[in-house]
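Welcome! Take a look at the structure first, then read on.

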Amino acid sequence: MAYRKVCDAQAGPLVAETLHCSAALDLDWDLDKEEPQEAAASMERVQMQHVVERQRSGCSDPGPDPDPELMEHIQPAVSVSPHGRFERLQEDPNYISHFTRTPGHKGQRRPHCFLLRYLLGTSALFVLGLLIGWFTHGSPATKAPAAPSDSSDLLEELLRRITADKIDALQSSLSSQPEDSEEARARYLYSQWLGLGLTDVRLSNHTVLLSLPGSTPNTVTDRSSHQCFLPSGIPCDQRGASELPRRQLSYAAYSAVGSLQGEVVDVQYGGVDDLRRAKDTVNLTNQIAVVKLGQAPLLYKLSLLAEVGFGGVLLYVDPCDTPPGRHTGHQAPRVTLNPGGNPTDAEDLRVGISSLLVQPISAFLAKTLLSTSTATGHGDACVPIATPPSAERKKITLTVRNQLSYKKVFNVVGYLKGRRNPDRHVLVGSRHDNDRGGGASAIMNQLIAALTEQTKHGWVPDRTAVFCSWGGTALGNIGSYEWGKENTVVLQSSAVAYVSLNSPVRGTETLRATASPTLLQLTLDIQRRQLLSCIRGGNCPAPAVSSLQLPGDVGFFANQLAVPALEFAFEQTKAEEATSFLSEAQFSPELPETLDPLFKFHETIAKITAEAILRLLNDPVLPFYPLDIALDVQNKLKEKSLASSSSASALLSSAALLRDHAAFFQSETMRPANDPKERDPSHVRMLNDVLRDLEKSFVVTRAPLGVFRNLLYSLPGATPQFSILRFWQQGALHCGAGSAGRVVKHAAERDSLCHGARNQSLALVLRALRSAQTLVRFGLDLFENYPGRK
């Protein structure tokens, strides 16, 4: 580098010169400064050549004695800016005088040396002028374009390059690929990302155990009529070639396999009250439950059903819960019982996954089995499916023939390296295992194209953007889990946020944003600003932002690593409690060109997602707000049932302290760091690390199945509350079993077990609050006497 050349050039004969080439100086170079430094180094070589020529020609007289006023301490050859970066060498007025002259006397001058010295000096100045002119102006072909003048110009230019037509073209290119396997889609994305300008793209694969449909279909047989049905409700003897694609989709991945005979028991949504009523009327051991999806996580429901003795489960979606205009009456969905990652062998499938025989069925088959004739009432009212009071329970045989096999799952990961903080990563994730129905890959490709286009005009992000396209999402987010586990050590310190494109356009009615409390303010600001020019003109939907559990591949990063996450998506209906978990049912996807023919909804999602990515990449201080976390925690602690708890006072006190410390931290520490005049790079980096780690305090060691371990995410409900408190308070069935699995009959013993379980969950919340409070207080102490702070 230029600084090293200065030191080398002054070695040897110039060793007497006092020049501090300290290795402790910050060698953090700006690329745009290196060319002028090379010009200055060339000037050094000319001056040194001049000294050598004079020695060879006998011109040993160095010239007149320097004036006493000039006999000052010689400064270092470079100057350091307030940000620890080196200034251009040619901007230093004392640069040429840094070469030492041996003292001499005026009377010792040799006249014949003057002419040679002036000729050499003139030649040196001429060459120097040429070099400076070349490196300063450069040739038109190599001159780098100027970056946008400020962040608002950059954002405007970025959004201008995102259009519906471009997304449409990218989606058409994806859909036109001749091979539709996951590997083919991953390899196509790999080549596309390289062509779009990402220089570091990696294609990886993991050999994992997958649960797939068997060679013969799963069936439900009515024992009284001996009628056999496929999951869609079509009689087995009427199936044709058109039924094969449905059979490939209609199964429960990682269900137990085999046959089971039993009575059909209607337990509605499988809640605690539903199961209590069922227990009062029939012996549930080895019976087959018919359960609606919705209101609670599927894995949590299955754990309750297994606990009360059921041997099999038939899952369906009630037509009254589906969005208007969507008809799923004769469709049986696919679900997965895998909470995430790769189950390495059959035994591991039973760890955290129900051993029940599970099969999704259509609403049409559910009505047949429950002996109900219709799901509609008078007028437009919808009557939910339920067994009539006088109906006799059917006896059926459930047969599940899923097969386990090892196959490869592929991930594509591309990097857009940052300049100032390349070790801080903003993850952007989508899926390609069933992408033709979501348009996620087309939006991802458009985002990559728009961002890399800006780099061609001189822009480099502050932090590194990591674009991820995951495989194996439908069977339990396998690709993201495996990649995340392999990189956990790095991600714990490098990942600052996760932006999800799991299913960006799944309807056209409601624009909904989901984010952790850390990112609620950023998400709300972006949504409000973008909705000012929404696609409906003046009929814009109101901003809708929540911190509900996020579905899809974001789970590992938000839940396991507590990386702040956000997602924008268009939906067909409001996320009411009954419908909030319907995304666990995977129906045949609707093509993007059918759902959004003009791709305007895709364009809107791409633009607001691009703004979020740009803010997370470039904001000097991460747009995280610790006070929002504290207020969210206090809001969850307002539940009346907590007032009687022995831990209530400690919880409220810790929450109040966290709020006070967070408010002070946000105003006294974050605000000055956002001022360019007071911004110090090392200060900002430490501040960002505190903001990044705050959410990690709220990850608990255990939680009910299907519920996030990250306490900051909640489940839909009438009142906000911590998910582990909601389910552990309502889950009396969990409390009703002793350590040996026996049923506790005495109410006092059951209440004691329930009270103990509740106190354990409250203790986890209290520990999380105190951990967060400690971290915020540490941040305040860290910056209280910071050297650069005024």
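This is a predicted model: local features need pLDDT of at least 70, side-chain atom pairs count only at pLDDT 80 or more; totals for chains, interfaces and linings use all residues.

Two strands count as paired if DSSP finds at least two bridges between them.

- Seven strands make up an open sheet, in the order S3-S2-S10-S5-S6-S7-S9, and their pairing is mixed.
- Strand S3 (227-229) and strand S9 (357-360) are at the edges; each has a single partner strand, so one side of each has no neighbour in the sheet.
- On average, neighbouring strands of this sheet are turned by 30° against each other, direction ignored.

**A helix on the sheet**
- Helix H9 (residues 298-307) packs on the sheet, where it touches strand S6 (288-292), strand S7 (312-316) and S9.
- The direction of H9 makes about 150° with that of S6.

**Antiparallel pairs**
- Strand S2 (residues 219-222) pairs with S3 in the antiparallel sense, over three bridges.
- Asp-222 has Gln-227 as its bridge partner in S3.
- Strand S5 (residues 258-266) and strand S10 (residues 395-400) also run antiparallel, joined by six bridges.
- For Gly-258, the bridge partner in S10 is Val-400.

**A parallel pair**
- S5 and S6 are paired in the parallel sense, with three bridges between them.
- Val-264 finds its bridge partner, Ile-288, in S6.

- Backbone hydrogen bonds are what pair the strands of a sheet, either parallel or antiparallel.

Notes
Residues are numbered from 1 along each chain as its sequence is written. Side-chain values use heavy atoms; hydrogens and water are left out. Helices (H or I, at least four residues) and strands (E, at least two) are DSSP runs, numbered from the N terminus. Axes are lines fitted to C-alpha atoms, for helices over the stretch in contact, and angles run from 0 to 180 degrees between N-to-C directions. Contact means heavy atoms within 4.5 Å.
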